[in-house]
Amino acid sequence: MDSSSSLKIVSKSFVKPKTIPEESKQPYYLSPWDYAMLSVQYIQKGLLFHKPSLDSIDTLLEKLKESLAVTLVHFYPLAGRLSSLTTKNPKSYSVFVDCNNSPGAGFIYATSDLCVADIVEAKYVPLIVQSFFDHDRAVNHDGHTLSLLSVQVTELVDGIFIGVSMNHTLGDGTSFWNFFNSWSKIFQGQESNKGDADLCLKNPPVLKRYIPEGYGPLFSLPYSHPDEFIKPFESPILKERIFCFSAETIKLLKAKVNQKCGTTSISSFQSITAVIWRCITRARRLPAEQETSCRLAADNRARMYPPLHKDYFGNSISALRTAAKAGELVENDLGWAALTVHQAVTEHTSEKVSQMIEQWLNSPFIYHIDRLFEPLGIMMGSSPRFNKYGCEFGMGKAVTLRSGYAHKFDGKVSAYPGREGGGSIDLEVCLLPEFMEALESDEEFMSLVSS
């Protein structure tokens, strides 16, 4: 690929909900989980499609805008802006969403001289892909002046990339993909000439925020200025590569791990997590006594008591942590590592979730990427369970999925469903160049990767 490949922004606009919901006239409050996200970055995920025969790109852009306006009726907080209330004595900083004083969600049209093959066939994800997303390097607190949702449609020579950037204080991965899938359904409904029927969603988001009993609805941080708690994060120079694992490989891996452990309860995701944790640890050549950690993003909706609705729109995740000495992780078999990961997941009960919420209420905290994600560990983000390839916009099934700059560091791994489905998994792995080279030479790991 030509290193001079570039991106050109053609137009920028805003999209408001097609109709203004009555409830959007009131402040939209945030939960403790949402507050904790103020200093991390926007969620940035996008889908690459083959470009259909178009009389004009303007027709597709207009359809995308129209369906987005309808979708925002259901997800109206995404069309708002953050707003704050502060006091200096005592120090207090409260944040909520103002849905009235906002131009809406962002909508950008851009062009690139890249082809689909330049992205799909590249060994490493090209850096230019990061420019397919708006709000590059922005932290969520920037949502006071930036749109909380921004869609960038980039026209390639033979493809269309739809990149969505969503403020992480508004929702987690489950919420993000609920929005993306809902937008797709509404787009397809409008294509079918169903008229106003496209305003109905089978599984609309549950927008009522989780507020612990006896608290809120407005929470406060013990600060008087954002400089006291906002810490931007700059990613080091990384190699980013997509590794694909077939459904058959995942099935055999899960069976092997469970057989070694004498159980049937270790999941496919826990099995592949154990593989990547061991192999990255080996690639780093850590001293035997050095501790290395493994974190996993865990959805708390079903773990809470009573459980939150599965379509709850907001943040409801925890970063589970388990750790081991590098020597024991590498020297023991894969089953040992998988069981260690499995135990961390099974121990994350409703009681644990309640304790974490109580801890935040007693002493509010903000996540900072450089503290949350340890330099000698790995972090498993996203999920292969999300229906990512179900999002279609009149261009058939997406060719592949890519992400932006956000939340990338040495040891960050994002799990996606494989395009062929059936239980296949793709891992987006970010490592320092020397560690990526060592991982690619790891026979255990590469023997599992699909060609």
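View 1. The model is predicted: local features need pLDDT of at least 70, side-chain atom pairs count only at pLDDT 80 or more, and totals for chains, interfaces and linings use all residues. Residues are numbered from 1 along each chain as its sequence is written, and side-chain values use heavy atoms, leaving out hydrogens and water. Val40 sits in the loop between α1 and β3 (43–50). Helices (H or I, at least four residues) and strands (E, at least two) are DSSP runs, numbered from the N terminus. Leaving aside residues up to four places away in sequence, Val40 touches Val139, Asn140, His168, Tyr367, Ile369 and His407, where contact means heavy atoms within 4.5 Å. Ala406 is 366 residues from Val40 along the chain, yet their C-alpha atoms are separated by 8.4 Å.

View 2. Rolling a probe the size of a water molecule over the atoms shows where empty space is left. A cavity is a set of points, on a 1 Å grid over the protein atoms alone, where a 1.4 Å probe fits but cannot get out; lining residues have an atom within 4 Å of a point. Grid points are joined across faces, edges and corners, and a volume is the space filled by probe spheres set on the points. Helix α9 gives the largest share, three residues. By class, the lining has eight nonpolar, no polar and no charged residues. Here Ala, Val, Leu, Ile, Met, Phe, Trp, Tyr, Cys and Pro count as nonpolar, Asp, Glu, Lys and Arg as charged, and the others, Gly among them, as polar.

**View 3. The second largest cavity.** This cavity has a volume of about 30 Å³. Among the residues that line it are Ile242, Tyr389, Arg402 and Asp426. Strands β13 (400–403) and β14 (412–417) each supply at least two lining residues. The lining divides into five nonpolar, one polar and two charged residues.

**View 4. The six-stranded sheet.** The strands form an open sheet with mixed pairing, in the order β9-β15-β14-β12-β10-β11; two strands pair if DSSP finds at least two bridges between them. At the edges are β9 (239–245) and β11 (317–325), each pairing on one side only. Strands β9 and β15 (residues 425–431) run antiparallel and are joined by seven bridges. Ile242 has Glu428 of β15 as its bridge partner.

**View 5. Backbone exceptions.** Most residues other than glycine have a negative phi, and most peptide bonds are trans. The peptide bond from Asn89 to Pro90 is cis, with omega near 5°, and Pro90 is in the loop between β4 (81–88) and β5 (91–98). The bond from Gly216 to Pro217 is also cis, with omega near 5°. Arg137, not a glycine, has a positive phi of about 70°. Ser382 lies in strand β12 and has a positive phi near 55°. Ser382 is partly exposed because its relative accessible area is 23%.

Methods: 1 Å grid on protein atoms, 1.4 Å probe; cavity = no way out; pocket = protein on both sides within 12 Å on 5 of 7 lines; lining within 4 Å. Buried < 20%, exposed > 50% of the residue type's maximum accessible area, 1.4 Å probe, protein only.
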